[in-house]
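Keep the viewer open as you read.

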Amino acid sequence: MESILVLTHADETGSTLTKASLEAVTAGKDLAARRGALLAIGMVAQNSAAAAATLNSSSARLLAVSGEAFAQPRYASDAAACEAVFRAAQATFVLAPESSRFARVMAGVAHRLGGCIDTHVTAISGAENVEATRWFYRQRVEAGLTRAARPWFLLLEPGTHAAFAGQPGEAQVEQVAVELPAPRTTVTGMRAPLANEQTIRPDAKLLFVAGAGWTKKQPDGQVHAKEAGELILGFLNASGASLGSSKSLVDQGSDGQPVLPFLTHLNQVGQTGATPRHAKGLATCCHGEEPHVVGWRFIGERRAISLDPNCGWTRGKADVVYVADAFQVMRRVNELLELKKQLPAPSS
Amino acid sequence: MTNSLHIVVCAGVVPDPLQTLEPVTGASGPGIKNEMVLPAVLDPWAASALCEAAHLIANNPESKLWLVLLGPKAKLQQVMMTVAQKVKFELVAIDGPIGGFADAHATAAALADAVNSIAGLDRSKFLLFGGWESASRGAGVTLQLVGERLGVTDQFQGVDRIELREDGSFEVLERVEGGKHQVSVCAGAPAVLGWATGNLPEPKNNPQIGMTNMRSIMPALQKAKTAALDGNGPRYVSVCLPKQQRTTRVVKDLAPDAIAQELVEWMGGQ
């Protein structure tokens, strides 16, 4: 009987599966049900027994690679782990989350196993002929594709499926042995801005994008980069929004122009940046040209503030465009958010 | 003390991001309408990789830099006119199809063959660079597949910084979720690094570098091997532009106070 394997991994605690992994489990269960196939779930975790607790009610065969060596996301050990789990499961389809950990290794694993891979998959449809949907040209062209080659590895974009939520309990897990190559790479840690300076918040409902206009000359003929920075940070603190930027604003630093010091290339959204997923997005001082807007493909409701009534946002790319001075509007928005915070919460 | 490096950057060419893209399906499968006549650029993240590689080479004497470039010969020539003026490299050209719909596995095989054919490439000094994703297929798998084919199992993706150490090891920063970087230390070459944006600004055009490069680029283009990229690729069921076109409400005469009020209401329970 055909077998479908879902590969999952633990988060930094080493004992809890990531949300994206649980989303892949949901996709795997759906696909297995459609094809009448057996489902196996593989785990790469330092402590797989604890990680498996959430999969107790999944009705799947549980396989795991455990131990200290798998606490660190690293190509050589993760690839060996995924390969070993696959060899134990012998699946025709392998589903896995498109996390940085698995995106780093899964193509290599597919190659070792003589399989093929497609990534950034947003939907899997069909039963007899399985079809994967993904984007090309940085979210500008959407395609459905299928393959005859097996095993077929599919990396699923986070946020495209509901996370599996079963009754937790003690699960039966088969441990898979892995022969690891001599380690040449050591993960020494994470580098991140201080918690109160972190402006990238993947779980925020709102994406706030700052464009290059914030550091251009204002009606008084002067640049107000410092004030712009204060307004933007004030808004982020008051609203909990995640900060994105256009490439031009991030690049200004290297061109010797005024900059917003808290922006890095990690904030960049668009053709050469991220394509984040948020329910709402607010663009400010940004032209809304195609190379930037392709990064908004997965933003639900979109609004923009721009002085240019003919900017790209007005051409069907945003729901509402306010032709106004973002300095004035955001100053007032911050005041309103501050007032809102001071009001007593409504009693339920 | 410096390290001698042999860096190979793998790259492709893509349509200029400002161009309008319209998918079409022909006898050989899907493609982009008039893709051969659209202005092309070096794939942006691969361009970051090239820039970072050139920086490393400049700081480590006796190092060498190759650019393995895949695309239709005419397009490669066009892109070289700009790229050749930026940094000094030796070109290895592969005459292959353009576009994002070619199979990554077949592409990787062609690139790996080209890397294998480089005379004088020392595997003990070898770093394979490229963009972590292309701006066309955007799968983020090609470089990994090339690395596997070449037997390199220290791989890093979404790289923003590399810092070489005196003993030949290096520290590398990779992008991970939540705006963070994972910091790793690798014992040294060989390794695969799929670059994100990196940290360096785009080098300014230098006609002198361009002249030097062009002496070797033209013969390299003439010698370009043809890669058909057939393979056991995907079958495309549908290829289309996103259907979603929003009905935009343009608000021109509202005071900042009123706009702010509307925005705060729209944001709701943020």
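Which residues does Val68(B) touch, not counting those up to four places away in sequence? With that exclusion, Val68(B) touches Val8(B), Val9(B), Cys10(B), Val92(B), Ile94(B), Leu111(B), Ala114(B) and Val115(B). Touching, or being in contact, means that the C-beta atoms of two residues, placed from the backbone, lie within 7 Å.

A quick word on the ground rules. This is a predicted model, where local features need pLDDT of at least 70, side-chain atom pairs count only at pLDDT 80 or more, and totals for chains, interfaces and linings use all residues. Residues are numbered from 1 along each chain as its sequence is written, while chains are lettered from A and ligands numbered from 1 in the order in which they are written.

Back to Val68(B), then. Along with Leu95(A), Met106(A), Val9(B) and Leu50(B), Val68(B) has the most contacts inside the largest nonpolar core, a set of 142 residues. Such a core consists of buried Ala, Val, Leu, Ile, Met, Phe, Trp, Tyr and Cys residues joined through C-beta atoms within 7 Å. Buried means that 20 or more other C-beta atoms lie within 10 Å of a residue's own; exposed means 12 or fewer, and partly exposed is in between, with C-beta atoms again placed from the backbone. In soluble globular proteins, nonpolar side chains tend to be buried together.

Now for chain B as a whole. Chain B has six helices and 14 strands, which are DSSP runs numbered from the N terminus (H or I and at least four residues for helices, E and at least two for strands). The C-alpha atoms of chain B fill a box of roughly 65 × 50 × 40 Å along the principal axes. Of the 270 residues in chain B, 48% are buried. Take the contacts in chain B between residues at least 6 apart in sequence: 78% of them join residues at least 24 apart.

Glu52(B) gives you one such link to look at. This residue sits in helix H1 of chain B and counts as buried because 23 other C-beta atoms lie within 10 Å. Leaving out residues up to four places away in sequence, Glu52(B) touches Trp195(B), Gly198(B) and Leu200(B). Trp195(B) is 143 residues from Glu52(B) in sequence, yet their C-alpha atoms are 8.8 Å apart in space.

Helix H4 of chain B is another covered spot, with seven of its eight residues buried. Among the buried ones are Leu143(B), Leu145(B), Val146(B) and Glu148(B). Their cover includes helix H4 (100-112) of chain A as well as strand E1 (6-15) and helix H3 (104-116) of chain B. After H4(B) comes Gly151(B), whose phi is positive, near 75°.

That cover from chain A brings us to the interface. Here 71 residues of chain B are in contact with 79 residues of chain A. On the chain B side, H6(B) gives the most, with nine residues. The residues of that side divide into 36 nonpolar, 23 polar and 12 charged. In this count Ala, Val, Leu, Ile, Met, Phe, Trp, Tyr, Cys and Pro are nonpolar, Asp, Glu, Lys and Arg are charged, and the others, Gly among them, are polar.

Strands cross the boundary too. Strand E15 (residues 320-323) of chain A and E14(B) pair in the parallel sense over three bridges; pairing requires that DSSP finds at least two bridges between the strands. Val320(A) stands opposite Arg249(B), and Val321(A) stands opposite Val250(B). Within chain A, four bridges join E15(A) to strand E14 (residues 299-306), again in parallel.

Finally, chain A divides into domain 1 (3-175) and domain 2 (195-342), with bounds that come from an automatic or database domain assignment. Their centres, taken over C-alpha atoms, are separated by 35 Å. Four residues from domain 1 of chain A and five from domain 2 of chain A make up the contact. The domain 1 side of that contact has no nonpolar residues, two polar and two charged.
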